[in-house]
Amino acid sequence: MPIQKLYAQLSCTDMEASAAWYEQLFGRSQDIDPMDGLKEWHHGDGAGFQLVSNLEGAGHGSMTLILSDLPGEHARLVKAGLEVGEIVTGDFASFAQLSDPDGNTVVLAEPKAED
């Protein structure tokens, strides 16, 4: 199965409030609104994020974003007013968690540099 692009998708109950939250998370507005109840952010050639209006599915999802500068992004998000957990260092990566307005979990992770 040759995959050309991968999208993470999370559901929300209030598109306007959630889109504003994800604009803070990603540091920019969505790239497209392909249809009613769907907003997309494109991240490079191989990844993207879809925010979907879905009352039943909201609050039950999670996604992990792999970053190259977790401390810098953590500081930016705190400054933007998002409630981000403390950075925790594990054996293979450092990570921090936050929740969107519906309670979906977003994990920010930075793998440890290989020696």
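**Figure legends for the predicted model**

Figure 1. Of the 115 residues in the protein, 32% are buried. The structure shown is a predicted model. The accessible surface of the protein amounts to about 7,200 Å², and carbon and sulfur atoms contribute 50% of that surface.

**Figure 2. Order of the secondary structure elements.** Two helices and eight strands are present in the protein. Read from the N terminus, these elements follow the order β-α-β-β-β-β-α-β-β-β. Among the contacts in the protein with a separation of 6 or more, 55% are between residues 24 or more positions apart.

Figure 3. Along the principal axes, the C-alpha atoms of the protein fill a box of roughly 45 × 40 × 25 Å. The radius of gyration is 14 Å, which agrees with the value near 13 Å that a compact globule of 115 residues would have.

Figure 4. Ser94 belongs to strand β7, which spans residues 93-99. The relative accessible area of Ser94 is 15%, and this residue is therefore classed as buried, the cut-off being under 20%. Leaving aside residues up to four places away in sequence, Ser94 touches Leu70, Ile87, Val88, Thr89, Leu108, Ala109 and Glu110.

**Figure 5. Close-up of the side chains of Ser94 and Thr89.** The side chains of Ser94 and Thr89 are joined by a polar contact of 3.3 Å. Thr89 is also one of the residues that Ser94 touches, a list including Ile87 and Val88.

Figure 6. Gly59 is located in the loop that lies between β4 (47-53) and β5 (62-66). With a relative accessibility of 27%, Gly59 counts as partly exposed, because this class covers values between the limits of 20% and 50%.

**Figure 7. Close-up of the surroundings of Gly59.** When residues up to four places away in sequence are not counted, Gly59 touches Ser11, Asp102, Gly103 and Asn104. Ser18 is 41 residues from Gly59 along the chain, and the C-alpha atoms of Gly59 and Ser18 are separated by 11 Å.

Note on methods: Residues are numbered from 1 along each chain as its sequence is written. This is a predicted model: local features need pLDDT of at least 70, side-chain atom pairs count only at pLDDT 80 or more; totals for chains, interfaces and linings use all residues. Side-chain values use heavy atoms; hydrogens and water are left out. Helices (H or I, at least four residues) and strands (E, at least two) are DSSP runs, numbered from the N terminus. The radius of gyration is taken over C-alpha atoms; the globule rule is 2.2 Å times the number of residues to the power 0.38. Buried means under 20% relative accessible area, exposed over 50%, partly exposed in between (1.4 Å probe, protein chains only). Contact means heavy atoms within 4.5 Å. Accessible areas come from the Shrake-Rupley method with a 1.4 Å probe; for residues, only the protein chains shown count as cover. A polar contact is a pair of N or O atoms within 3.5 Å; within protein, one must be able to donate a hydrogen and the other to accept it, and residues adjacent in sequence count only if both atoms are side-chain atoms.
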